[in-house]
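Subject: Structure for you, with notes

Hello,

Here is the structure I promised to send over. Please open it first, then read my notes below.

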Amino acid sequence: MNDTPSATLSERTAKAGLWTVGGKLLAKGLDFISLIILARFLGPGEFGVVAMAMTAVLIVEAVSEMPLAAVLLNYQSPTHEMYDTAFSIAVLRALAIIAVLSALSWPLSLLYHEPRLIPLQCALSLAPAMRGLVSPRLTEFARRLDFRRNVALDVIAKAGSLVVATTLAIMTGSYWAIAIGTISTTAIAMTASYFFAPHRIRLNLSQWHIFIDMIGWNAAGQVLSAINWQTDKLILPRFVDIATFGRFTSADNLIAIPMQAIIQPITPPLFSAFIAVRQTGDIGKVYLKASTGIFSVVGPVLLMIAILSHPIIHLILGAKWDATAPILTWLAFAAGFGYLPTVLLPALAMALNRTNISFIKLAVEFCIKVPLIIALTVTMQLQGMLIGHAIASALTLVTTMILVKNLTNLSLWSQARDLLRPASAMIPTAVFLVAASRLFSLHDSTLYTFLNLSWVCGLALIIFAIADLALWKLVGCPEGCETIALKMARKLIRI
């Protein structure tokens, strides 16, 4: 790769991504340990009641999400008043979240015939309220593609939550262990952020006008996003028992681990990279490289989860959770081949100041997914909802590719072509995984399952990497994620 400004940006973005992904993997590893311990001391019923309360919490948080950091990043030199306004808007949002969730707790408890939801939801409202109150000065480091402080915050918060949640679960066996662990995560992160990025707290709304346009489109989009994201959790408890709902939410949380561990932390560096190249006309090339890279990294992981769902559930949650495995398979396939290639559209649209495009994508998804989920869940319960997920994911992928074409002039073929290489490399990987799945049984010990999963997953990743590199060589070694990976590998070997 030539030492061009775009190449330098690619390397800086890749390094920032390694920091954020590495930190998120560590944080998710702590979450994973916490889940293993909690699953041993709590059952599907306890997870189910917290999931009921969290459904409303997640919807309200998503609806009220504001891209305050993105607005600050769009300015080269934000003023003190801008930072104060961002913090003041976040305070108002926090108060609104607490008020809305507390007001909703009683009617939701009547809807689901679950009186425990009232205190539980009121307490859990503190988590999203505090999440938005981290220091706005963290954006100063994001502008320089320095995300080490964000990584440290995440790891410290998850470590503290692990101690709190697991201690309470072991001592009490109560669902409150999950709730208090969730609240402690955001409380620790919020407090620590002001040590890493000091900010003098002053309430000031004088610069609200610079936030209003992006917040306006974002708010409209977040309403649709929240409904799209949580429709299944709103509908499903009316048609299945609480234990089945607990299995579904646990499977959904397991799928979220690789998604949140890789996609969520890599998005801020990529957003900064999109902003840096938007004037040069290279943003389409950067988008393709990033989208293909994410699919190449997360896709094989979701493929392994889908095919090896039974031993994974047996290892992580235990034998009593075995009915969760088929749910995990459906969700993993839908996420890997439908949702995964669409995740960068919001960052791309926001970097080009075209947040209305994200709204259009969410509106189309809403018109497709919500009727499907409702109709199929009413008629076929859990199985119908899973089928609806798969169909909606496929149609949303096509919609996203059309919108990306509108933003960047990238043809549908060029988008599909770049994804075709890693998708083709997954075929021999899937064949190996299906064959290897016969090595496992429900009677295997935990140690035997762990050792078998370790070498099977490791070999599957090697097979995927070899197949992907072979296909990359076959098409002439185009500049992409493989180029960056090989260059960084050579540097590591020299060290």
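This is a predicted model: local features need pLDDT of at least 70, side-chain atom pairs count only at pLDDT 80 or more; totals for chains, interfaces and linings use all residues.

Ile 255 is worth a click. Set aside its neighbours within four places in sequence. Ile 255 is then in contact with Leu 302, Ile 305, Leu 328, Leu 331, Ala 332 and Ala 335.

Now the chain as a whole. The protein chain has 19 helices and zero strands. It runs to 495 residues, and 55% of them count as buried. Take the contacts with a separation of 6 or more: residues 24 or more positions apart account for 83% of them. The accessible surface of the protein chain is about 21500 Å². Carbon and sulfur atoms hold 70% of that surface.

Next, the second largest pocket. Its volume is about 680 Å³. In all, 22 residues line this pocket. Closest to its centre are Phe 32, Ile 257, Val 301, Ile 305 and Ile 316. Ile 305 is also one of the contacts of Ile 255. Which elements give two or more residues to the lining of this pocket? They are helix H1 (5-41), H11, helix H12 (283-307), helix H13 (309-316) and helix H18 (446-474). By class, the lining of the second largest pocket has 19 nonpolar residues, two polar and one charged.

- Tyr 287, Leu 288, Ser 291 and Thr 292 are among the lining residues.
- Pro 341, Leu 397, Thr 400, Met 401 and Val 404 also line this cavity.
- Gln 415, Asp 418 and Leu 419 complete the list.

H12, helix H16 (355-408) and helix H17 (412-436) each supply at least two residues of that lining. How does the lining of the second largest cavity divide by class? It has seven nonpolar, four polar and one charged residues.

Best wishes

Key. Residues are numbered from 1 along each chain as its sequence is written. Side-chain values use heavy atoms; hydrogens and water are left out. Contact means heavy atoms within 4.5 Å. Helices (H or I, at least four residues) and strands (E, at least two) are DSSP runs, numbered from the N terminus. Buried means under 20% relative accessible area, exposed over 50%, partly exposed in between (1.4 Å probe, protein chains only). Accessible areas come from the Shrake-Rupley method with a 1.4 Å probe; for residues, only the protein chains shown count as cover. On a 1 Å grid over the protein atoms alone, a cavity is a set of points where a 1.4 Å probe fits but cannot get out, and a pocket is an open set with protein on both sides within 12 Å along at least five of seven lines; lining residues have an atom within 4 Å of a point. Grid points are joined across faces, edges and corners, and a volume is the space filled by probe spheres set on the points. Ala, Val, Leu, Ile, Met, Phe, Trp, Tyr, Cys and Pro count as nonpolar, Asp, Glu, Lys and Arg as charged, and the others, Gly among them, as polar.
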